Amino acid sequence: MEATDIGWTGLAASLVLVALALALSLIQRLGLELEIGWASLRAGVQLLIVGAALVLVLDDDTPVALSWVWVVAMIGFAAFTIRSSASDVPGILGVSLASMAAITVVSMGVIFGLGIFPHEPVAIVPVAGMLIGNSMSQTVLAANRVVAEIGEKRTEVEARLALGQPATVAARPYVAQALRTALIPQIERTKATGIVILPGAMTGLILAGVDPTDAVLIQLAVMYLILGSVATSVTIVGLGVRRQLFTADHRLVRLDEAA
Amino acid sequence: MTATAPPLFSFNDVSVSVDGRLALDRVSLQIERTGITAVVGPSGSGKTTLLRLCNRLTVPSSGWVRYRGEPLDQLDPLTLRRAVGMVFQVPTPFPGTVRDNLLVAVADASEVAMVAALEDAGLERSFLSRDAQALSGGEAQRVCLARTLLTEPAVLLLDEPTSALDIDARLAFEGVVRRIADAGTSVVWVTHDLEQAQRVADRSIVLMGGRVASEAEARRFVQRGVAGQPDAQNGGNDGSD
């Protein structure tokens, strides 16, 4: 099977579907034309810039270290994106930086330590991107849910503290509920894989000419790593945010002061 | 000659700032060891803040608080909170049965201890298997009281515990607390209901505008019956009152 090369003409043709979305928005008076146009343009420019940079990073003559520099930059960018999406959460920048760094170190350690993928730029950058990217949205959800759960159940939490429970124990049921809420979408996606959802990586590999069996194996490995990464990042962020909400002497801080 | 035992709580020049506003303003007072001490005053007078200082759910912005002569900030907060139990204004039953609720307070509580705590709070053994979040307001508040009593506190802090209850449940709750106080547990009871304070308390402290009221202010407060007015702003435990 030949590798797929859609070229600039193919890319332009794919914009027909964007035009269709614009038309639907106009006809239905959804008022989303600008949003759709801006999102499409922004994605195009971002990906083209990233693609150009990736050509340099993934070049055979480029040292592997540059790929890791790229990964570090991705972690930083992800943390700032999370902060902007969860700006009411106290200490979210530090917590999300720690979370993204932790899942990258652990996941990449497993991937390259066990030889799942070769330690080459062509594997390092895309795999790190998938793990970090998939963890970001769930991390934002987890951070916001922990703050909301504890804020909504403030009296219950304080009743537990008043019974002499340490902050970690008093907050546990509410943090657990928030983490369940944040993890369920990823678990559902994993369960539906192959039945409802044909994962992007596998589809891309098949389109690029890789044997479907090999594509499935790679996709499965990636999927398990993503599930593990999302679970890890969500847990780290949940526990990190919880820590921000209590003082060292087991008092629940006022959430408006903590932010 | 025996030395005089220090008071239950001593407040010395205590101020608490909440949202840039002084909830308590240089308050100095003492709470006696025995019986029921009522803390009364109108909305925003600092009653709840005063109560929360007693078990360190709130800490002073300045000044100090002592518990039986010991500086509060030098005591382990978890040990302190088990000795100084608190029941909140709004009943806070946790999900699960009444038994589950009691086990939150003492994870290895025996059946005998749980039943005793329920009976002390005026509830029967049969409540153990009831869904705690399906109880009436009065029953739920008594479960919360039983949950607190299970930790065998030396002091019971009550933050307007009957404000959400009807008159029958309110009187029943007062009777239960009176028995607990007579059995030796010190009680500090915050209420805006002056009649209730007169019914249950052995002594009262009147707060006005974050300060201890002078005798003249307290007298005027009692005469006007301000404390008996419905108090729409007094619905939370955010430490602002």
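Select B:Ser10, a residue of strand S1 of chain B; helices (H or I, at least four residues) and strands (E, at least two) are DSSP runs, numbered from the N terminus. This is a predicted model, in which local features need pLDDT of at least 70, side-chain atom pairs count only at pLDDT 80 or more, and totals for chains, interfaces and linings use all residues. Residues are numbered from 1 along each chain as its sequence is written, chains are lettered from A and ligands numbered from 1 in the order in which they are written, and side-chain values use heavy atoms, with hydrogens and water left out.

**First stop: strand S1 of chain B**

B:Ser10 has a relative accessible area of 10% and is therefore buried; buried means under 20% relative accessible area, exposed over 50%, and partly exposed in between (1.4 Å probe, protein chains only). Show the residues around B:Ser10: apart from neighbours within four places in sequence, its contacts are B:Leu29, B:Gln30, B:Trp64, B:Val65 and B:Arg66. A contact means heavy atoms within 4.5 Å.

Seven of the 10 residues of S1(B) are buried, so the strand is largely enclosed by the rest of the structure. S1(B) pairs with strand S2 (residues 21-31) of chain B in the antiparallel sense, over seven bridges; two strands pair if DSSP finds at least two bridges between them. Within this pairing, B:Phe11 has B:Leu29 in S2(B) as its bridge partner. The two strands make a hairpin with two residues between them, and B:Asp19 in the turn has a positive phi of about 55°.

S1(B) and S4(B) run antiparallel and are joined by five bridges. One place to look is B:Ser15, whose bridge partner in S4(B) is B:Ser62.

**Second stop: aromatic rings**

How many aromatic pairs does the structure hold over all chains? There are three. Rings of Phe, Tyr and Trp (its six-membered ring) pair if their centres lie within 6.5 Å; planes under 30 degrees apart count as stacked, over 60 as edge-to-face and the rest as tilted.

Select B:Phe9 and B:Tyr67: this pair is tilted because the ring planes stand at 35°, with the centres 5.3 Å apart. The pair links distant parts of the chain, with B:Phe9 in strand S1 (residues 9-18) of chain B and B:Tyr67 in strand S4 (residues 62-67) of chain B, 58 residues apart. B:Phe9 is buried at a relative accessible area of 0%, and B:Tyr67 is buried at 9%.

Next, select B:Phe173 and B:Trp189, an edge-to-face pair with 6.2 Å from centre to centre and 90° between the planes. This pair also links distant parts of the chain: B:Phe173 is in helix H6 (residues 167-182) of chain B and B:Trp189 in strand S8 (residues 186-191) of chain B, 16 residues apart. B:Phe173 counts as buried, at 0% relative accessibility, and B:Trp189 counts as buried at 0%.

**Third stop: charges over rings**

A charge sits over a ring if NZ of Lys or CZ of Arg is within 6 Å of the ring centre and within 35 degrees of the ring normal. Select B:Arg66, whose charged end sits over the ring of B:Trp64, 4.6 Å from its centre. Then select A:Arg160 and B:Phe94: the charged end of A:Arg160 sits over the B:Phe94 ring, 3.9 Å from the ring centre.

Display the open sheet of six strands in chain B, with the order S6-S7-S8-S3-S9-S10 and mixed pairing. Its edge strands, S6 (84-87) and S10 (211-212) of chain B, each pair on one side only. S10(B) pairs with strand S9 (residues 203-208) of chain B in the antiparallel sense over two bridges, and B:Met208 has B:Arg211 in S10(B) as its bridge partner.

**Final stop: confidence**

Colour chain B by pLDDT, the predictor's confidence in each residue, from 0 to 100. The mean for chain B is 89, and 92% of its residues reach 70 or more. Among the elements of chain B, helix H3 (residues 98-105) has the highest mean pLDDT (97) and helix H8 (residues 215-224) the lowest (78). Where pLDDT is low, the predicted coordinates should not be read in detail.
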